[in-house]
Amino acid sequence: LETKGVELYLKYTQSTVSAQMEAGPDYNVELSEEEKQGLSRAAIKRKEAELTAKLKASGAVITGNVCQQLAKVYNTAVTHLRHHLPMVAYALGDADGDAALVQLVHVEVEKRAVAIIRSYTRERELALHETKAERIANAIEERYTSGVGLQETSLGPLTSLGLGVGGDSAQTALERAKLGASEDDCGFTAEVGQLVDVDAAMEEAALCLQHTESYERFIRHAVDEVTKARKLRLSQKIEEKRHKREIEEQKRLEQEADTGTRLTPAEEEALKKKQQEEEKEDEELMKKPIEILPPHTKLNDIVAEVGGYYSGLERSLLLAGMQRAFMNANFPDERHYSPMAVINSVSGGGGGGQQNVIPQHGEAGCNALQTSVIEECLYAAQRSTLRAFATGHTGTASVAANYCADILGRFLLEVLNKRAEMGANLLKPGEGLLDGRGGLGQAAQNLMNTAQKGLRGGANVVRGKGGNNPGVGGGKNLDHEETPEVIQARIAMGVARACANTNDLEVAVESTRRL
């Protein structure tokens, strides 16, 4: 009878779950907050009802995105099991009805979820984009580790001196060079897409993995609970049989004592052998496992495939984000630099630990600057890893974390070393940017010499033309008056910006320590 009950209940479950998973689209229309302004509740309900009726009459097909479709399938399965599994386990557990229910629901889910995810991978062309992204990621690494993508970085510190290149002001030269460099991103925009669009696609893929992993954990937990309940029922049955045998044995002994008769040795041996066989059967029944779900399902396979595509695209997106940071560093503006926070032993918050503080005017390091490269790169890495961890899929999270650690520990370190070398070269005489002259230090000295000439005879201001400045090839016209203090400040700013690349290494060390 229990077996027949399980069969009937499974038929009911299959029809119910299938109907709910394949239910038509939700045509209910809700007005936005802006549309609700100035309308009463009754007017809002009437308008929503009118729009809903029009939408139904149009016969529009509403399928939703992949995340919505998966959520509908998974939520239907979870809701059904939560409501029905306890009752089935209690009433039909002896016939393994609870195990059969979990199996059936998972089969229905797997059939639909695998089809949805496969359709998603085909529509988004994940395999093709992942292949392109891997090629572009390798190109980005090669470009910046070789130093090719950092050649323009020497323009940045000259803006503080007002120096120009090729007849343009420094700012104009930077803007023009930055515009040209932004178009050369190793083909990321052309092959993969805009950073914002790729980031949104990665959010969708991560959410898809997250929904599937949440369902996977739920169904595995349900399997564990069913297995535990089955073992508990079996142990109770075995205990009842053992107790029944003990009662029968006690009655037999009492009967023998009353009648004065005893079993023959052959009968006692047969009885003992029968009891041993029953105990052996009970032990085998307890040890015999029941496979409700296989260790690896088709759903696991398709999720692992999507996770592989996701990890490759995430690596390329991380490198593209860092590439944008390097481009901004090659052609910096005022927002790119900030005062450098150094380590001072300061008791803070009652903890007595160290804090990052910015030196005040007159203190050592008060003019030290840092760039935004480390902050932008670490933000991209943080966003990448947090999104990978949010998927809940251990394989995907592990691969993404390994990619991130490799990029930070190898690629970013190489780039920072090359930027530091280029920043140091700006301060070496004869190895700077200006033709026939020294580096940034020589350019600063030339500007100072020009200023001193203008101050001869008690003059308090400096006037000059870019063409009169030695070593400044058609630089910025100085049609405005500048005091020696202003010139000194501009020179100091140029030196500070040239040293900022080296300071970034210390910022990276401190950021790594905080990790």
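Predicted model: local features only at pLDDT ≥ 70, side-chain atom pairs only at ≥ 80, totals over all residues.

**Stop 1: Q323**

Select Q323. Is Q323 buried or exposed? It counts as buried, because its relative accessibility is 2%, below the 20% cut-off. Now show D185. A polar atom of the Q323 side chain sits 3.3 Å from the backbone oxygen of D185.

**Stop 2: salt bridges**

How many salt bridges does the structure hold? The number is 26.

Select R230 and D96. Their side chains form a salt bridge, with N to O at 3.4 Å. The two residues are 134 apart in the chain, and the pair links distant parts of it. R230 belongs to helix α9 (residues 195–259). D96 is in the loop between α4 (66–92) and α5 (97–124). Colour by accessibility. R230 is buried at 14%, whereas D96 is partly exposed at 24%.

Next, select R410 and E141. This salt bridge has an N to O distance of 2.9 Å. Which helices does the pair link? R410 is in α13 (residues 394–425) and E141 is in α6 (residues 126–145). They are 269 residues apart. R410 is partly exposed, with 29% relative accessibility. E141 is buried, at 10%.

Then select D199 and R387. The closest N and O atoms of this salt bridge are 2.9 Å apart. D199 lies in helix α9 and R387 in helix α12 (residues 373–390), so the pair ties together parts 188 residues apart in sequence. D199 is buried, with a relative accessible area of 16%. R387 is buried too, at 6%. Through shared partners, salt bridges join D199, E203, E314, R383 and R387 into one network.

**Stop 3: D282**

Select D282 in helix α10, residues 265–287. D282 counts as buried, because its relative accessibility is 5%. Show its contacts. Apart from neighbours within four places in sequence, D282 is in contact with I238, K241 and R245. Now draw a distance from D282 to R242. The C-alpha atoms are 9.7 Å apart in space, and the residues are 40 apart in sequence.

**Stop 4: helix α13**

Go back to the helix of R410 and select all of α13, residues 394–425. Why does its end-to-end distance agree with its residue count? At 1.5 Å a residue, its 32 residues should span 46 Å, and the end C-alpha atoms are 45 Å apart, so the two agree. Where does α13 bend? Centre on I407: the bend there is about 35 degrees.

I407 is also one of the buried residues of α13. Select the others too: T396, A397, A400, C404, F411, L412, V415, L416, R419, A420 and G423 are buried as well. What do these buried residues pack against? Their partners are α6, α9, α11, β4 (369–371), α12 and α15 (484–514). Show those elements together as the last view.

Definitions and conventions:
Residues numbered from 1 in each chain as written. Heavy atoms only, no water. Buried < 20%, exposed > 50% of the residue type's maximum accessible area, 1.4 Å probe, protein only. Polar contact = N/O pair within 3.5 Å; in protein donor to acceptor, adjacent residues only side chain to side chain. Salt bridge = Lys/Arg side-chain N within 4 Å of Asp/Glu carboxyl O. Helix = DSSP H or I, 4+ residues; strand = E, 2+ residues; numbered from the N terminus. Contact = heavy atoms within 4.5 Å. Expected span 1.5 Å × (residues − 1). Bend = angle between axes of the 7 residues up to and from the residue.
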